[in-house]
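Student: I have a new structure to study and would like to learn how to read it. Please guide me through it one question at a time.

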Amino acid sequence: MSNARLEQLKRNKQKRLGSGIVRRNTLWAAGTGLIPIPVLDSTAVVAVQLKMLAELSSLYGVDFRNSSGKAVIATMMTSITGGVLGKSFLATGIFSGLAKALPVIGTSLSILTMPGFNAAFTYALGRVFLSHYADGGTLSDFDPKKAEPQFKEKFKEGFTVVQDAKAA
């Protein structure tokens with residue numbers, strides 16, 4: 001078997017394993033949306049996202065640091081909430097986080113919106129990094145501005161993935 005064929009097989013395996021990592025962590029992220037305590041839910045979803053980035057980094061042999069991962073997550077959150085806030089405040093994780101402060105109604109409303117938001121965001125983050133690492137990128141050369149259009153596309157796609165998972 002030629003070296004080119006072996007490399008292609010390796011890339012296919014990495015992509016398949018990476019897709020599993022993204023899917024698994026997307027489901028975990030959805031679960032964090034059911035945590036009724038405002039700060040604890042945010043901490044849990046970021047922990048899931050950092051775990052996912054660490055797993056993808058390991059899969060692709062890329063150096064990973066939690067501090068860099070947190071910076072990437074914060075930057076991508078800013079990019080998506082800026083666009084979403086202009087369209088629908090109700091659809092954002094920010095609204096859901098604030099809503100949890102309201103007794104009973106706020107928690108109920110948050111439980112309806114947070115799992116989908118957390119899952120879609122985590123899915124988009126994972127897909128963007130899966131693509132970035134597959135192209136030979138690293139965490140240090142990741143350009144959030146360049147990735148923003150793909151991230152927004154994958155964020156929308158993430159809601160579809162969540163709906164499909166619910167139906168299954």
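Student: What does Lys 152 count as, buried or partly exposed?
Tutor: Buried means under 20% relative accessible area, exposed means over 50%, and partly exposed lies in between (1.4 Å probe, protein chains only). The relative accessibility of Lys 152 is 29%, so Lys 152 counts as partly exposed.

Student: What kind of model is this?
Tutor: Residues are numbered from 1 along each chain as its sequence is written, and side-chain values use heavy atoms, with hydrogens and water left out. Local features need pLDDT of at least 70, side-chain atom pairs count only at pLDDT 80 or more, and totals for chains, interfaces and linings use all residues, as this is a predicted model.

Student: Which residue forms a salt bridge with Lys 152?
Tutor: A salt bridge is a side-chain nitrogen of Lys or Arg within 4 Å of a carboxyl oxygen of Asp or Glu. For Lys 152, the closest N and O atoms of the pair are 3.0 Å apart. Both partners lie in helix H6, four residues apart, or about one turn of the helix. The partner is Glu 148.

Student: Is Glu 148 buried or exposed?
Tutor: Under 20% relative accessible area is the cut-off to compare with. Glu 148 has a relative accessibility of 18%, so Glu 148 counts as buried.

Student: Which residues do salt bridges that share partners join into one network?
Tutor: Glu 55 pairs with Arg 24, with their closest N and O atoms 4.0 Å apart, and this links distant parts of the chain, helix H2 and helix H1, 31 residues apart. Glu 55 also meets Lys 51 in a salt bridge at 3.1 Å, N to O. Because Lys 51 and Glu 55 are four residues apart in helix H2, about one helical turn separates them. The network joins Arg 24, Lys 51 and Glu 55.

Student: How many helices does the chain have?
Tutor: Helices (H or I, at least four residues) and strands (E, at least two) are DSSP runs, numbered from the N terminus. The elements run α-α-α-α-α-α from the N terminus on, with zero strands. The number of helices is six.

Student: Where in the chain is confidence lowest?
Tutor: The predictor's confidence in each residue is its pLDDT, from 0 to 100. The chain averages 82, and 77% of the residues score at least 70. Helix H1 (residues 3-32) has the highest mean, 93, while the lowest mean, 51, belongs to helix H4 (residues 93-99).

Student: What is the relative accessible area of Gln 49?
Tutor: Gln 49 has its place in helix H2 (residues 38-59). Leaving aside neighbours within four places in sequence, Gln 49 is in contact with Ile 73, Asn 118, Phe 121, Thr 122 and Leu 125. Gln 49 is buried, and its relative accessible area is 2%.

Student: Which residues is Phe 129 in contact with, leaving aside its neighbours within four places in sequence?
Tutor: Phe 129 is one of the core members that touch the most others. The contacts of Phe 129 beyond those neighbours are Leu 53, Leu 56, Val 72, Leu 139 and Phe 142.

Student: How far does H2 reach from its first C-alpha to its last?
Tutor: The expected span of a helix is 1.5 Å times one less than its number of residues. H2 has 22 residues, with 32 Å expected. The model comes close to that, as H2 reaches 32 Å.

Notes:
Contact = heavy atoms within 4.5 Å. Core = buried A, V, L, I, M, F, W, Y, C linked by side-chain atoms within 4.5 Å.
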